[in-house]
Amino acid sequence: MPVIIDGTNGITQAGEFNSDSSFGFKNRIINGAMVIDQRNAGASVTGNDNVFPVDRYKVQVTQSSKFTMQQNAGSVTPPAGFTNYLGITSSSAYSVTSSDYFFLQQRIEGYNVADLDFGKSTAKTITLSFWVRSSLTGTFGGSFQNDAQDRNYPFAYTISVANTWEYKTITATGDTTGTWLTTNGNGLRVNFGLGVGANFSGTAGAWNANSNNLSSTGATSVVGTNGATFYITGVQLEVGSTATSFDYRPYGTELALCQRYFTRVGEGFTGWCVSSTTIWLGGSVNQTMRTAPTVALISTTPSIQTTASPFTATSSAITTSTIGATGISMQLNGFSGMTADKPCISNNTSPIFSCSSEL
């Protein structure tokens, strides 16, 4: 029999292995252990629509400011084998209407799930596993979806004991119909409901062609109880009908995977003074991004060094840009006293630009 490494205890032992899950990109979820938080550096953020509490996870909501989110919120002890988790805390007792939704989501790029063969007769079974802890008990829900949100698999799971980490697994047969993207688009949505109205809920345990089922019917609403907590970590999606040990990738690998979708750059970027008030500045991004990113200034007062002396913008803004998946070039204004036709370099000790090509 072949020799394998037990991912739980690190012991080398003889045994059989599942070729679909023993090598390569076993876990299709990125940042499943919640270790990367480029945007917030562990700070708390408000649960508004399309906000990312940690890398690769965002929330979508119909009502703003109903909860807060933070890496390691509440400072509870994570489950064994983990050092981080994502914590969500309800800010009020909000009664979810039929047209409301609050959910946590990761969108998986089509390239990373192309082998699942969804939409074909050869579609593969998948298993989602995760650790969860809540101050509430009862039935909770979520769903798998395609990009068009017209193929849905609502799922349900039970939290039995309050304020205790519990391990959950969800197994779903592969969907043999519908359209599933297999390039750099949104290949598969994985949703965790935090309070989802009847218009966006469906019967758990089967694929359907409804419009946008985000959770299972009758699931517990986290936002419905003031101060309620929902913590999650160790999220894994893999091929097969059985959950296996968590695929804990090296930190550098996980960071690089996240930087395909979001990164911050600008330290050491070089450029040219266009005039006394305007410069061109450019450089490479950390990883080839999924698409040419949307670029924004992190600070409107970047520090720029010329051959003569340093200058700091009083209120800088991007006026023109050349953006690619591997590098960016920006024209910035708002400076004063620069000398035209002189080289310049960013002497910031922190990034100047945020680059996002999130799904």
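This report walks through strands, aromatic pairs, cavities and a few single residues of a predicted model.

Residues are numbered from 1 along each chain as its sequence is written, and side-chain values use heavy atoms, with hydrogens and water left out. Because the model is predicted, local features need pLDDT of at least 70 and side-chain atom pairs count only at pLDDT 80 or more, while totals for chains, interfaces and linings use all residues.

Helices (H or I, at least four residues) and strands (E, at least two) are DSSP runs, numbered from the N terminus. Let's begin with strand 9, where eight of the nine residues are buried, so this strand is largely enclosed by the rest of the structure. Here buried means under 20% relative accessible area, exposed means over 50%, and partly exposed lies in between (1.4 Å probe, protein chains only).

Two strands pair if DSSP finds at least two bridges between them. Strand 9 runs antiparallel to strand 12 (residues 166-172), and seven bridges join them; Ile126 stands opposite Ala172 in strand 12. With strand 16 (residues 229-239), strand 9 pairs in the antiparallel sense over eight bridges. There, Thr127 has Glu238 of strand 16 as its bridge partner. As a general point, side chains in a regular strand alternate between the two faces of the sheet.

**Aromatic pairs**

A pair of aromatic rings is described by the distance of the centres and the angle of the planes. Rings of Phe, Tyr and Trp (its six-membered ring) pair if their centres lie within 6.5 Å; planes under 30 degrees apart count as stacked, over 60 as edge-to-face and the rest as tilted. By this rule the model holds 24 aromatic pairs.

In one of these pairs, the ring centres of Phe130 and Tyr157 are 5.0 Å apart and the planes stand at 80°, so the arrangement is edge-to-face. This pair links distant parts of the chain, with Phe130 in strand 9 (residues 126-134) and Tyr157 in strand 11 (residues 152-159), 27 residues apart. Another pair, Phe144 and Tyr153, is tilted, at 6.0 Å centre to centre with 35° between the planes.

| Residue | Relative accessible area | State |
|---|---|---|
| Phe130 | 0% | buried |
| Tyr157 | 4% | buried |
| Phe144 | 0% | buried |
| Tyr153 | 8% | buried |

Ring pairs also link residues into a cluster, including Phe118, Phe130, Phe144, Tyr153, Tyr157, Trp180 and Trp207.

Elsewhere, three strands form an open sheet in the order 17-26-20, with antiparallel pairing. Strand 17 (262-265) and strand 20 (294-297) stand at the edges with a single partner strand each, so one side of each has no neighbour in the sheet. Neighbouring strands of this sheet are turned by 20° against each other on average, direction ignored. (Axes are lines fitted to C-alpha atoms, for helices over the stretch in contact, and angles run from 0 to 180 degrees between N-to-C directions.) Four bridges pair strand 20 with strand 26 (residues 353-356) in the antiparallel sense, and the partner of Ala296 in strand 26 is Ser354.

**Cavities**

On a 1 Å grid over the protein atoms alone, a cavity is a set of points where a 1.4 Å probe fits but cannot get out, and lining residues have an atom within 4 Å of a point. Grid points are joined across faces, edges and corners, and a volume is the space filled by probe spheres set on the points. The whole structure contains three cavities of 30 Å³ or more, and the largest cavity has about 50 Å³ of space. Among the residues lining the largest cavity are Asn27, Val35, Phe246, Tyr248, Arg249 and Glu254.

**Single residues worth a look**

Leu194 sits in strand 13 (residues 186-196) and is buried, at 0% relative accessibility. Tyr85 belongs to the loop between strand 6 (67-71) and strand 7 (86-90), and Tyr85 is buried too, at 0%.

Most residues other than glycine have a negative phi. Ala41 has a positive phi near 50°; this residue lies in the loop between helix 1 (19-22) and strand 3 (45-46) and is exposed, at 72%. Asp341 also has a positive phi, of about 65°, in the loop between strand 24 (327-333) and strand 25 (343-346), and Asp341 counts as exposed at 55% relative accessibility.

Methods:
On a 1 Å grid over the protein atoms alone, a cavity is a set of points where a 1.4 Å probe fits but cannot get out, and a pocket is an open set with protein on both sides within 12 Å along at least five of seven lines; lining residues have an atom within 4 Å of a point.
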